[in-house]
Amino acid sequence: MSELARISLSLESSLMVRLEQLVEEGGYTNRSEFIRDLIRERLVAREWEDEKAEVIGVVTMVYDHHAPGLGDRLTDIQHDHHDAVLASTHVHLDHDHCAEMIMMKGRAKSLNHLADQLRQQRGVLHASLSLGSTGTQLS
Ligand code: NI
(Lines give C-alpha, C1' and ligand atoms only; values in the text may rest on other atoms or scores of the structure.)
Protein backbone atom coordinates (compact mmCIF):
# COMPACT_ATOMS: atom_id res chain seq x y z
CA MET A 1 0.00 0.00 0.00
CA SER A 2 1.30 3.44 -0.87
CA GLU A 3 1.67 6.24 1.63
CA LEU A 4 -1.56 7.88 2.74
CA ALA A 5 -2.25 11.47 1.72
CA ARG A 6 -4.88 13.65 3.36
CA ILE A 7 -7.28 15.93 1.53
CA SER A 8 -10.05 18.23 2.60
CA LEU A 9 -12.97 19.16 0.44
CA SER A 10 -15.78 21.64 0.45
CA LEU A 11 -19.36 20.57 -0.19
CA GLU A 12 -22.76 22.19 -0.03
CA SER A 13 -24.32 21.14 3.27
CA SER A 14 -27.19 19.42 1.45
CA LEU A 15 -24.67 17.35 -0.50
CA MET A 16 -22.83 16.54 2.71
CA VAL A 17 -26.06 15.11 4.15
CA ARG A 18 -26.42 12.95 1.05
CA LEU A 19 -22.82 11.82 1.35
CA GLU A 20 -23.37 10.77 4.96
CA GLN A 21 -26.47 8.82 3.90
CA LEU A 22 -24.55 7.01 1.18
CA VAL A 23 -21.72 6.17 3.56
CA GLU A 24 -24.14 4.78 6.13
CA GLU A 25 -26.34 2.90 3.66
CA GLY A 26 -23.25 1.40 2.04
CA GLY A 27 -22.04 0.09 5.38
CA TYR A 28 -18.79 2.04 5.19
CA THR A 29 -16.95 2.67 8.43
CA ASN A 30 -15.85 6.12 7.26
CA ARG A 31 -16.05 8.59 4.37
CA SER A 32 -12.55 7.80 3.16
CA GLU A 33 -13.48 4.20 2.37
CA PHE A 34 -16.50 5.39 0.41
CA ILE A 35 -14.54 7.96 -1.57
CA ARG A 36 -11.80 5.42 -2.35
CA ASP A 37 -14.47 3.14 -3.84
CA LEU A 38 -15.95 6.03 -5.85
CA ILE A 39 -12.54 6.83 -7.31
CA ARG A 40 -11.89 3.18 -8.17
CA GLU A 41 -15.30 2.87 -9.83
CA ARG A 42 -14.42 5.81 -12.05
CA LEU A 43 -11.00 4.35 -12.81
CA VAL A 44 -12.55 1.03 -13.85
CA ALA A 45 -15.04 2.89 -16.05
CA ARG A 46 -12.10 4.67 -17.70
CA GLU A 47 -10.33 1.37 -18.30
CA TRP A 48 -13.42 0.17 -20.16
CA GLU A 49 -13.54 3.40 -22.18
CA ASP A 50 -9.95 2.69 -23.28
CA GLU A 51 -10.51 -0.01 -25.87
CA LYS A 52 -6.90 -1.16 -25.62
CA ALA A 53 -6.85 -1.62 -21.85
CA GLU A 54 -6.81 -5.16 -20.50
CA VAL A 55 -9.87 -5.76 -18.33
CA ILE A 56 -11.94 -8.60 -16.94
CA GLY A 57 -15.67 -9.04 -17.28
CA VAL A 58 -18.46 -11.51 -16.77
CA VAL A 59 -21.32 -12.16 -19.15
CA THR A 60 -24.42 -13.44 -17.37
CA MET A 61 -27.06 -14.72 -19.73
CA VAL A 62 -30.28 -16.65 -19.68
CA TYR A 63 -31.51 -18.50 -22.71
CA ASP A 64 -34.10 -20.88 -24.05
CA HIS A 65 -32.89 -24.44 -23.56
CA HIS A 66 -35.04 -25.61 -26.50
CA ALA A 67 -33.83 -23.05 -29.09
CA PRO A 68 -32.51 -25.14 -32.01
CA GLY A 69 -28.72 -25.24 -32.17
CA LEU A 70 -28.29 -22.44 -29.63
CA GLY A 71 -26.09 -24.38 -27.21
CA ASP A 72 -23.70 -25.28 -30.04
CA ARG A 73 -23.63 -21.70 -31.34
CA LEU A 74 -22.81 -20.31 -27.90
CA THR A 75 -20.03 -22.88 -27.50
CA ASP A 76 -18.65 -22.12 -30.99
CA ILE A 77 -18.50 -18.39 -30.19
CA GLN A 78 -16.55 -19.12 -27.00
CA HIS A 79 -14.13 -21.39 -28.89
CA ASP A 80 -13.59 -18.58 -31.40
CA HIS A 81 -12.52 -16.41 -28.43
CA HIS A 82 -10.72 -19.09 -26.41
CA ASP A 83 -7.95 -16.63 -25.61
CA ALA A 84 -10.44 -14.37 -23.82
CA VAL A 85 -12.70 -16.92 -22.10
CA LEU A 86 -11.25 -17.89 -18.73
CA ALA A 87 -14.09 -20.03 -17.39
CA SER A 88 -17.80 -20.61 -17.74
CA THR A 89 -20.55 -22.08 -15.62
CA HIS A 90 -23.80 -23.49 -16.90
CA VAL A 91 -26.87 -23.81 -14.70
CA HIS A 92 -30.09 -25.59 -15.71
CA LEU A 93 -32.54 -23.10 -14.18
CA ASP A 94 -35.69 -25.07 -14.91
CA HIS A 95 -37.11 -27.31 -17.66
CA ASP A 96 -36.93 -24.54 -20.27
CA HIS A 97 -34.19 -22.11 -19.25
CA CYS A 98 -30.42 -22.20 -18.96
CA ALA A 99 -28.18 -19.64 -17.31
CA GLU A 100 -24.55 -19.25 -18.17
CA MET A 101 -21.85 -17.10 -16.61
CA ILE A 102 -18.74 -16.55 -18.71
CA MET A 103 -15.65 -14.96 -17.15
CA MET A 104 -13.43 -13.17 -19.61
CA LYS A 105 -10.13 -11.30 -19.72
CA GLY A 106 -8.79 -9.24 -22.59
CA ARG A 107 -9.05 -5.93 -24.39
CA ALA A 108 -12.22 -4.00 -23.58
CA LYS A 109 -13.14 -3.76 -27.24
CA SER A 110 -12.95 -7.51 -27.83
CA LEU A 111 -14.86 -8.37 -24.63
CA ASN A 112 -17.64 -5.97 -25.65
CA HIS A 113 -17.69 -7.59 -29.07
CA LEU A 114 -17.87 -11.08 -27.57
CA ALA A 115 -20.71 -10.08 -25.25
CA ASP A 116 -22.60 -8.56 -28.20
CA GLN A 117 -22.19 -11.74 -30.24
CA LEU A 118 -23.56 -13.89 -27.43
CA ARG A 119 -26.46 -11.49 -26.78
CA GLN A 120 -27.49 -11.42 -30.43
CA GLN A 121 -28.07 -15.17 -30.75
CA ARG A 122 -31.67 -16.17 -31.32
CA GLY A 123 -33.02 -17.71 -28.12
CA VAL A 124 -30.86 -15.66 -25.75
CA LEU A 125 -33.40 -13.88 -23.56
CA HIS A 126 -31.01 -11.61 -21.69
CA ALA A 127 -27.28 -11.08 -21.45
CA SER A 128 -25.53 -8.54 -19.25
CA LEU A 129 -21.86 -7.69 -19.10
CA SER A 130 -20.41 -6.72 -15.73
CA LEU A 131 -17.28 -4.63 -16.01
CA GLY A 132 -14.27 -5.52 -13.91
CA SER A 133 -10.62 -4.65 -13.63
CA THR A 134 -7.39 -6.60 -13.42
CA GLY A 135 -6.59 -4.28 -10.50
CA THR A 136 -3.20 -3.16 -11.76
CA GLN A 137 -4.33 0.48 -12.05
CA LEU A 138 -6.35 0.64 -8.83
CA SER A 139 -3.79 0.97 -6.06
NI1 NI B 1 -29.07 -26.05 -19.25
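This report describes the nickel site and the sheet with its packed helices in a predicted model.

Residues are numbered from 1 along each chain as its sequence is written. In this predicted model, local features need pLDDT of at least 70 and side-chain atom pairs count only at pLDDT 80 or more, whereas totals for chains, interfaces and linings use all residues, and side-chain values use heavy atoms, with hydrogens and water left out.

**Nickel site.** The nickel ion has His-90 (NE2), His-92 (ND1) and Cys-98 (SG) as protein donors at 2.1 to 2.4 Å, where donors are N, O and S atoms within 2.8 Å of the metal (3.2 Å for Na, K and Ca) and water is not among the atoms, so the site may look incomplete. Their spacing in sequence is H-x1-H-x5-C. Two of these residues are compared below by relative accessible area (buried under 20%, exposed over 50%, partly exposed in between; 1.4 Å probe, protein chains only).

| Residue | Relative accessible area | Class |
|---|---|---|
| His-92 | 64% | exposed |
| Cys-98 | 3% | buried |

Four strands form an open sheet in the order E2-E3-E1-E4 with antiparallel pairing; strands are DSSP runs of E of at least two residues, helices runs of H or I of at least four, numbered from the N terminus, and two strands pair if DSSP finds at least two bridges between them. Strands E2 (85-92) and E4 (124-133) stand at the edges with a single partner strand each, so one side of each lacks a neighbour in the sheet. E2 pairs with E3 (residues 97-107) over 7 bridges in the antiparallel sense, and Ser-88 has Ile-102 in E3 as its bridge partner. Helix H4 (residues 108-119) packs on the sheet and touches E1, E2, E3 and E4, contact meaning heavy atoms within 4.5 Å.

Notes
Axes are lines fitted to C-alpha atoms, for helices over the stretch in contact, and angles run from 0 to 180 degrees between N-to-C directions.
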